[in-house]
Amino acid sequence: MKSLLVLILAAAPGLRAAEYAMGADLSFLKQAEDRGTVFKDENQPKPGLQIFKDHGYNWIRLRLFHTPTQLPNNLEYTIALAKSARQLGFKFLLDDHYSDTWADPGKQFIPKAWEGMPHEKMVEALREYTRDTMIAFCQAGALPDMVQIGNEITNGMLWPDAKLPQNWEHFADFIKAGIAGVYAGAGDEPRPRIMIHIDKGGSWTATKAFFDKLNSYQVNYDVIGQSYYPWWHGSLNDLRENLILMEREYHKDIIVVEAAYNWTPGNYRNKPAPFPETPEGQKQFWEEVNRIVQATPNGRGIGLFWWEPAVAGGRGGRGFFDRDGNALPVITVFDKFTRK
């Protein structure tokens, strides 16, 4: 199986096998452990990051909020967690929400510090903020390898100024400003790759509409990120078709940057499920998503990330740990690719 992964990745120009992202969004991990949560692997307590490292995970994704008041993911917290991950050899994807709280297709709140700014001033504030945060990561020895400009930005960002579909020109201004800030802040270090992240993993129609319009503004990005939760975003076959068509149309690297599945009944109580909502069904889901990503033509499927697998109490049954903190079977999916 490991040799298959190497062959798949070798087909993509400039990629090394080690760059295939076997990833996890661990943004709440430090908070959980700081509050006393103990994660265990085969009933042995271990630091959460070490458990993921032991099972082949090589990328960490961390969200960043501008000035959060209720959530931990400010710059100081994110740098501390990024440094810990770096020390274990993880690569690092930064998920910059450009908000003080959650940003997603249903809400994109302007940071309080930018409220009331005219558009041009907010564009400059976004560029300078991005530059300054990149400088801070650089100085800490934890510059991201990849940065996504916004989170699930299908409907725009910084509402109402850049809400879509009404305000595409403003939206493109913000995306370009964010990219410019990343590059300016990286200085002489290797530039992080740029991801554009939407939430249409199972919809080619919606994906094409978004990226055709974005590309008309000559936005320079490297990676398409997609969220894929089957109860919201369609079947596994929908995901497979979308990955194939994205590669054919845009010739970009693609990451399923958010995915998850329950190990206990939750999303499929009243309808048939693609896999049982059990520990083994959760593992089967992750194995199948990985197979689909790896099968993207020309090696353009370059990774996948589970959303928040390490939180206290399993986060509604979608985490990688049971209610006693013991790792579930899903943690082993990448063992066969990485163990010698």
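Met22 stands opposite Leu304 of strand β12. The model is predicted; local features need pLDDT of at least 70 and side-chain atom pairs count only at pLDDT 80 or more, while totals for chains, interfaces and linings use all residues. Residues are numbered from 1 along each chain as its sequence is written, and side-chain values use heavy atoms, with hydrogens and water left out.

**The barrel**

Strand β1 (residues 21-25) pairs with β12 in the parallel sense over 5 bridges. Two strands count as paired if DSSP finds at least two bridges between them. Strands (E, at least two residues) and helices (H or I, at least four) are DSSP runs, numbered from the N terminus. The pairing of β1 with β12 belongs to a barrel that 8 strands close in the order β1-β4-β5-β6-β9-β10-β11-β12, with parallel pairing. Neighbouring strands of this sheet are turned by 25° against each other on average, direction ignored. Axes here are lines fitted to C-alpha atoms, for helices over the stretch in contact, and angles run from 0 to 180 degrees between N-to-C directions.

On its other listed pairing, β12 runs parallel to strand β11 (residues 253-259), and 4 bridges join them. Ile254 stands opposite Gly301 in β12. β11, helix α10 (residues 279-294) and β12 make a right-handed β-α-β unit; right-handed means that, with the strands pointing away from the viewer, the path from the first strand over the helix to the second runs clockwise. Strand β12 (residues 301-307) is largely enclosed by the rest of the structure, because 7 of its 7 residues are buried. Buried means under 20% relative accessible area, exposed over 50%, and partly exposed in between (1.4 Å probe, protein chains only).

**Strands β4 and β5 and their helices**

Strand β4 (residues 59-64) and strand β5 (residues 91-96) pair in the parallel sense over 6 bridges. The bridge partner of Arg63 in β5 is Asp95. Helix α4 (residues 75-87) lies across β4 and β5 and runs at about 175° to β4. Helix α5 (residues 119-139) packs on the sheet and touches β4, β5 and β6 (146-149), and its direction makes about 155° with that of β5. Contact means heavy atoms within 4.5 Å.

**Backbone features in the loops**

Most residues other than glycine have a negative phi, and most peptide bonds are trans.

| Cis peptide bond | Omega | Loop holding the proline |
|---|---|---|
| Trp159 and Pro160 | about 0° | Pro160: between β7 (156-157) and β8 (162-163) |
| Leu164 and Pro165 | about 10° | Pro165: between β8 and α6 (168-186) |

Glu152 is not a glycine, yet its phi is positive, near 50°. Glu152 is found in the loop between β6 and β7, and it counts as buried at 9% relative accessibility. His251, also not a glycine, has a positive phi of about 55°. His251 lies in the loop between α9 (236-250) and β11. With 49% relative accessibility, His251 counts as partly exposed.

**Helix α6**

Helix α6 has 19 residues and reaches 27 Å from its first C-alpha to its last, close to the 27 Å expected at 1.5 Å a residue. The expected span is 1.5 Å times one less than the number of residues. Just after α6, Gly187 takes a positive phi of about 60°.
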